[in-house]
Amino acid sequence: MLPAIPTDVPTVPPDRNSPSGAVLLRAFLQSHDGILVTDSQNLIIAVNDAFTRLSGYWPDELIGSDPRMLASDRTTPESRASIWLALDNREHWEGEIWNRHKDGTIYPCRLRIAVLRDEKGRIQNHVANFTPADADHEAADRLAYLAYHDPLTNLPNRLAFESQLEQALLSCARDNRHLALMLIDLDNFKNINDTLGHQVGDQLLQNVAQRLRECVRASDLVARIGGDEFVVVLPEIESPLTAARVASKIQNNLVEGYRIADHLLYATPSIGISLYPLDGNDPSTMLRNADTAMYYAKGAGRNNHQFYTARMNEAAGERLHMENELRLAIASIAPGASEFSLHFQPQIETASGRVLGLEALLRWTSPKLGRISPTRFIAIAEETGLIQPLGDWVIWETCRQIRRMKQLGITDVRVAINISAQQLRHDNLLLLVRGALSCYDLSPEDIELEVTESTAMEHPETTLSTLDQLSAMGIVLAIDDFGTGYSSLAYLKHLPIQRLKLDRSFVTDIETDPNDAAICTATIALGHSLGLELVAEGVETENQRNFLAQLGCDTLQGYLYSQPMSFDETVAYLRAYRAARS
Ligand code: C2E
Ligand code: MG
Ligand code: MG
């Protein structure tokens with residue numbers, strides 16, 4: 001609600017005998033905007049010349065009438081109602097309307113209405129101010145606005161950002177000032193978008209945009225330059241410390257959850273910072289270096305900020321080198337002979353201690369780079385599309401190894417294979433799985449496929465149909481890393497899955513973090529109510545095992561039982577286990 005209008009504001013028409021009244025009257029009569037005043041009954045009591053010209057009506061044709069006579073059919077009853085509602089709530093309204101000229105033509109105008117009240121707060125007058133709007137002109141303005149703004153968040157877009165950054169850099173150079181550019185990428189946004197849909201994603205972005213604006217001064221630039229990428233430019237900083245402070249403020253502000261459509265969502269920022277003049281003096285270098293720093297922030301565990309350093313470019317070079325080596329290694333892949341191998345980690349039935357199955361985990365030992373963690377090279381393979389041939393190899397190689405195990409007398413363990421999103425989307429997956437099974441004379445019960453939660457939610461129609469067909473073949477399907485996405489168990493009910501693998505991060509702190517314990521408890525109970533088997537990953541201690549056993553978790557996997565092992569070690573492990581039980 002706006003503050004009440006002071007009671008010494010003259011009512012309309014002004015008293016022409018008082019000095020201020022005379023000025024107001026002249027302003028009223030000579031204004032270029034059309035002005036129309038109504039009384040407490042909303043009947044017209046005064047109009048000025050500009051309004052006469054605009055509407056085509058003489059004052060005596062209007063005085064005493066309801067302003068509705070001016071409206072065209074384009075003004076719907078709903079929009080009229082919304083104007084009155086706004087006047088009730090906020091004492092003013094502003095927007096675009098289409099009026100009908102006396103000659104019957106309709107014309108657009110910008111209308112501002114204000115409410116004037118008497119000293120008792122009763123409505124005395126409405127004052128309406130009409131600015132003629134040229135329809136084409138308005139459309140052109142709108143287009144110009146859209147060219148420089150992101151329609152979702154109303155923030156400047158990439159184009160606007162680049163030109164404003166260029167200007168800011170020029171003025172910094174002239175005045176010898178320092179500037180900071182922050183590139184902000186939301187952690188986990190893709191997951192939210194994939195699992196909850198674009199509408200929720202859009203609302204989240206709007207909320208983030210608003211919080212970002214609140215973190216900085218009006219003179220700082222905030223823009224959205226890509227899906228979940230924002231930039232903040234601080235055009236005048238005393239030292240890098242100022243930038244670090246603002247970055248921390250952004251982190252603190254964005255770390256709070258967002259309540260959207262009944263979900264509590266989290267989208268923390270990873271922030272990369274480049275400084276002028278230290279890290280560059282043109283927009284593209286500044287942005288590239290902030291981007292490099294942002295990737296570091298992601299790598300450093302998300303929800304943090306990193307300043308660009310020249311050393312980071314060396315690391316980017318290393319990454320490129322790794323990508324090239326990965327490409328070469330995949331090109332020379334052959335069954336049983338390559339830089340890649342599979343390790344196997346046992347899965348244990350909680351109640352009996354029986355080894356139920358194994359998970360196949362990919363390993364890469366590069367002759368040049370040494371042993372590289374799968375979390376590193378699989379991320380690169382996924383970014384570059386290399387996961388497709390590599391993942392196909394994993395399926396063939398797993399089947400080959402199962403055959404070898406069977407030949408060695410190990411016949412009763414199922415082996416789980418990790419499948420990435422791109423493989424699941426590709427239409428050759430079914431053919432490939434069928435081909436590999438028949439080539440090594442295996443049955444569908446010999447393997448299990450694991451897909452992560454977000455993978456299962458991506459492209460629901462194609463994913464669901466592929467999963468249905470795999471399930472119809474008799475293959476067990478599991479959701480991996482459960483709890484890290486936002487899928488609801490209700491949605492999972494529609495997927496043809498049999499197992500849920502509770503993510504390691506919840507198991508790790510199960511004894512110390514009440515939240516994690518609560519999540520495990522609820523997931524196990526709800527999973528069971530949907531008829532799913534629960535597998536806990538990353539079980540390292542007896543206490544964790546006991547806790548999970550108490551909750552009724554069906555299967556356990558983790559270092560407590562065994563680290564992932566080579567083929568020979570796995571065979572030895574399984575034999576020793578058999579011997580111990582017989
Ligand atoms: P994941 O599928 O969730 O596999 C479990 C990971 O947790 C494995 O890491 C395993 O070694 C590790 N782990 C198991 N028990 C424990 C424990 O008690 N404590 C700790 N700290 N860690 C434990 P790994 O082998 O490094 O694999 C990491 C991720 O790489 C896998 O996570 C999976 O997402 C991916 N990955 C591995 N092999 C493949 C593959 O063949 N294809 C695809 N697409 N992804 C794979
Ligand atoms: Mg897995
Ligand atoms: Mg997992």
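Helices here are DSSP runs of H or I with at least four residues, strands are runs of E with at least two, and both are numbered from the N terminus. Gly197, which follows α7, has a positive phi near 100°.

Because the model is predicted, local features need pLDDT of at least 70 and side-chain atom pairs count only at pLDDT 80 or more, while totals for chains, interfaces and linings use all residues. Residues are numbered from 1 along each chain as its sequence is written, chains are lettered from A and ligands numbered from 1 in the order in which they are written, and side-chain values use heavy atoms, with hydrogens and water left out.

The magnesium ion (ligand 2) is coordinated at 2.0 to 2.2 Å by Glu359 (OE), Asn418 (OD1), Glu450 (OE) and Asp480 (OD), donors being N, O and S atoms within 2.8 Å of the metal (3.2 Å for Na, K and Ca), and the site may look incomplete because water is not among the atoms. Along the chain these donor residues follow the spacing E-x58-N-x31-E-x29-D. Distant parts of the chain are linked in this way, with Glu359 in strand β14 (residues 355-366) and Asn418 in strand β16 (residues 414-419) lying 59 residues apart. Of these two residues, Glu359 is buried, with a relative accessible area of 4%, whereas Asn418 counts as partly exposed at 27%.

The magnesium ions (ligand 2 and ligand 3) are 4.1 Å apart, with Asp480 coordinating both. Asp480 is buried at a relative accessible area of 6%, while Asp481, at 26%, is partly exposed.

Two helix pairs were also examined. Helix α15 (residues 429-439) packs against helix α17 (residues 460-473) at an angle of about 20°, with the axes 10 Å apart; axes are lines fitted to C-alpha atoms, for helices over the stretch in contact, and angles run from 0 to 180 degrees between N-to-C directions. The two helices α15 and α17 are therefore roughly parallel, a class that takes angles under 35 degrees, with over 145 counted as roughly antiparallel, 65 to 115 as roughly perpendicular and the rest as oblique. The contact involves Leu429, Leu430, Val433, Arg434 and Leu437 of α15, together with Thr466, Gln469, Leu470 and Met473 of α17.

In the other pair, the axes of helix α13 (residues 387-407) and helix α22 (residues 567-581) come within 11 Å and cross at roughly 40°, which makes α13 oblique to α22. Gln401, Arg404 and Met405 of α13 meet Phe567, Asp568 and Thr570 of α22 in this contact.

Notes:
Buried means under 20% relative accessible area, exposed over 50%, partly exposed in between (1.4 Å probe, protein chains only). Contact means heavy atoms within 4.5 Å.
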